[in-house]
Amino acid sequence: MVITMGKYFGTDGFRGEANKELTAAKAFQVGRYLGWYYGQNHEDGRARVIIGKDTRRSSYTLEYALSAGLTSSGADAYLLHVTTTPSVSYCCRTDGFDCGIMISASHNPFYDNGIKIMRANGQKIEAEIEEKIEAYIDGRLPEIPLAEREHMGNVIDYAAGRNRYIGYLMTVPTRGFNGKRVALDCANGASWNIARAVYEALGAKVYVINNEPDGLNINEKCGSTHIEGLQKFVVERALDVGFAYDGDADRCLAVDEKGNVVNGDHIMYLCGKWLWEQGQLDGNTVVTTVMSNMGLYKALDALKIHTEKTAVGDKYVAENMMANGYILGGEQSGHIIFGKYATTGDGILTSLMVMMAMLEKKMPLSMLAGEMSMYPQVLKNVVVTDKDETMNDPTVQAAVKAAEAELGDSGRVLLRKSGTEPVLRVMSEALEHEACEKAVDDIIESMRAAGKLVRVK
């Protein structure tokens, strides 16, 4: 299977190193185009756009650049300040904004940043609009007129929107968390001033780590991509459960009371089963991406719960769910969408739903997640001369087909592009680790034989 993406926009927005690939000038152009594009929907040409940002130092520069672009095109920019991606999505769909912008590179290091754009319903914008923005940035579209005099836009403080989102999260659980000892790893990111407030209001005994952002320490050896610290913390404090968010808190991984990692596939399984048992799993279907583990499909199949696969990215999961009326989907990385409550991945909401499953079923997380067995998986990142040429090379394609044939129904392989690096990701799953390793290495060797391989990361 081969997955492609745009020039600037990948699976989760416009990503790149701040002041290199993603500059203030490009952010200004993004704002200019969005302000003009959505302004066409209003008689007075004045669009309403909401902006949030994470704790990276560069997020402030990009916030000001986007605001300047929007207002110079006649749009009003509403600032949520430091907040989570899901809160921007929430405000989009509840407060009548034309679109929302989140400034974040999610789980990436502090020196990277990104621009995620959402439409009025809170979902990621369509690829067609991303393509138009790219064309404008590259000068392939006519210049947009500047707003003048009273037609220039305003910049408006909208911190109240974040507070209403916090209040909304508190209403989701149907019972309190009294007596539960919960650890929260906020990754020194956007959830640092939100997650604690929600859990304490619900009565849990809360232990928060990595909640002192300084602009440079976001995701640094913490959060969902470095969960080992949370594992140790949960075991040492004998806590009931731990949750790790990423930089913008649109994903969540968990740690059970024994210190085991509970990934997104585990969460989709245990929450899918819980909702199914309650008769609330609309369509009897869970939507996954191509990166979900075969163990998830086997476990759901045993329950006669259907699954659908999309390309990598929670935007594709959300589109499938909305088109078909499904209410649960997500990614192994922890982007989980609960369609009854949100239209995009929400890390804090995900952790609340896991807590509800534990409480309703009166079972520890280790037992709920332990019902699903993960297949062995090997994933290697390969730097290549050209991503598209490598994926389309006959030698490489033949190696992929040969690996698929050798694994048969007991395994699979996946070759996909990174959205931000000159990297191909080669992944295999099988009943035995050795078979995974061989499939991946055979494909990488074909890249070497084709003269496309630079190095294996």
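Modeller: Two axes count as roughly parallel at angles under 35 degrees, roughly antiparallel over 145, roughly perpendicular from 65 to 115, and oblique for the rest. This is a predicted model, in which local features need pLDDT of at least 70 and side-chain atom pairs count only at pLDDT 80 or more, while totals for chains, interfaces and linings use all residues. Residues are numbered from 1 along each chain as its sequence is written, and side-chain values use heavy atoms, with hydrogens and water left out.

Colleague: Is the crossing of H8 and H11 left-handed or right-handed?

Modeller: H8 passes H11 in a left-handed crossing. A crossing has this name if the near helix is turned anticlockwise from the far one by less than a right angle, and is right-handed if clockwise.

Colleague: Which residues in H8 meet H11?

Modeller: Ile267, Leu270, Cys271, Lys273, Trp274 and Glu277 in H8 meet residues of H11, including Thr350, Met353 and Ala357; contact means heavy atoms within 4.5 Å.

Colleague: What makes H8 roughly parallel to H9?

Modeller: The axes of H8 and helix H9 (residues 294–302) cross at roughly 5° and come within 10 Å. This angle is under the limit for roughly parallel axes, so H8 is roughly parallel to H9. Asp265, Met268 and Tyr269 in H8 meet Leu296, Ala299 and Leu300 in H9. By class, this contact has five nonpolar, no polar and one charged residues.

Colleague: Why are H1 and H4 called oblique to each other?

Modeller: Helix H1 (residues 24–39) and helix H4 (residues 127–137) pack at an angle of about 125°, with their axes 10 Å apart. That angle again belongs to the rest, and H1 and H4 are therefore oblique. Their crossing is right-handed.

Colleague: Which residues in H4 meet H1?

Modeller: Ile129, Lys132, Ile133, Tyr136 and Ile137 in H4 meet residues of H1, among them Lys26, Val30, Tyr33 and Tyr37. The contact of H1 with H4 divides into nine nonpolar, one polar and three charged residues.

Colleague: Where is Thr385 found?

Modeller: Thr385 is in the loop between strand E17 (377–384) and helix H13 (387–392). Helices (H or I, at least four residues) and strands (E, at least two) are DSSP runs, numbered from the N terminus.

Colleague: What does Thr385 touch?

Modeller: Not counting residues up to four places away in sequence, Thr385 touches Thr390, Gly451, Lys452 and Val454. Lys124 lies 261 residues from Thr385 along the chain, and their C-alpha atoms are separated by 30 Å.

How values were computed
Axes fitted to C-alpha atoms, helices over the stretch in contact; angles between N-to-C directions. Nonpolar A, V, L, I, M, F, W, Y, C, P; charged D, E, K, R; others polar.
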